[in-house]
Amino acid sequence: MSNLAQIVWQRRPEPLGRMTIDLDAAPETGPLISCIMATRGKAFPARHAIDCFLNQSYGARELVIVCASAGSEVETIVREKGDARLRFMTALEAQSVGELRNAAIADARGELVCVWDDDDLSHPDRLKWQFACLTAANADAAYLGRILLWQPFRERLAVSAPRAWENTMLARKAALPAYTSG
């Protein structure tokens, strides 16, 4: 049985339609996707987000990690991993997550940009599936409509309410406005 995903895409306020995509046929690679990860620099939970990135099945990818402080634990992890797809940078002047993301986007080499939060876990096929959906819909951006919310210390796991989860955005870099600094 085929692994299918149904997506609803939207341009402007009105929904345009619904389509079905065969995720088993999703391409393993395409244009470079620059994942951007703003971080406070702590190893936990960022180490797990970095490992999720490294385990992605989509080939053409980089992770631009930006931190507002030099000499962080995350910088050490990147050095230890020794993977050319991981790029660490500091933005000492950044005061907000939006400013950190803007710095990462400015440094991103890819045609596509994906938000990669340092406290999120992602399925190994996330980039491949999101790219397939973005391409099939001929859209400028794609978001996950539902996510699993896991609180291991409280022993809770829940499915989110449906919405465009901003921490899952995959978008064409040329279409992105700047993040606000607030």
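Guide: For sorting a lining by class, Ala, Val, Leu, Ile, Met, Phe, Trp, Tyr, Cys and Pro count as nonpolar, Asp, Glu, Lys and Arg as charged, and the others, Gly among them, as polar. Please keep in mind that this is a predicted model.

Visitor: How many charged residues are in the lining of the second largest pocket?
Guide: The second largest pocket, with a volume of about 280 Å³, is lined by 14 residues, and those nearest its centre are Ala-38, Val-97, Asp-117, Asp-118 and Asp-119. Sorted by class, the lining has 5 nonpolar and 2 polar residues, and the number of charged residues is 7.

Visitor: Which element gives the largest share of the lining of the second largest pocket?
Guide: Two elements give two or more residues to this lining, namely β3 (33-39) and α3 (97-107). The largest share amounts to 3 residues, and it comes from α3.

Visitor: Is the pair of Phe-53 and Trp-116 stacked or edge-to-face?
Guide: The structure holds 2 aromatic pairs. In the pair of Phe-53 and Trp-116, the ring centres lie 6.0 Å apart and the planes stand at 85°. Since planes over 60 degrees apart fall in that class, the pair is edge-to-face.

Visitor: Is Phe-53 buried or exposed?
Guide: Phe-53 belongs to helix α1 (residues 43-54), and the charged end of Arg-61 sits over its ring, 5.2 Å from the centre. Its relative accessible area is 0%, and because buried means under 20%, Phe-53 is buried.

Note on methods. Residues numbered from 1 in each chain as written. Predicted model: local features only at pLDDT ≥ 70, side-chain atom pairs only at ≥ 80, totals over all residues. Heavy atoms only, no water. 1 Å grid on protein atoms, 1.4 Å probe; cavity = no way out; pocket = protein on both sides within 12 Å on 5 of 7 lines; lining within 4 Å. Points joined across faces, edges and corners; volume = space filled by probe spheres on them. Helix = DSSP H or I, 4+ residues; strand = E, 2+ residues; numbered from the N terminus. Phe/Tyr/Trp six-rings, centres within 6.5 Å; stacked < 30°, edge-to-face > 60°. Buried < 20%, exposed > 50% of the residue type's maximum accessible area, 1.4 Å probe, protein only. Lys NZ or Arg CZ within 6 Å of the ring centre and 35° of its normal.
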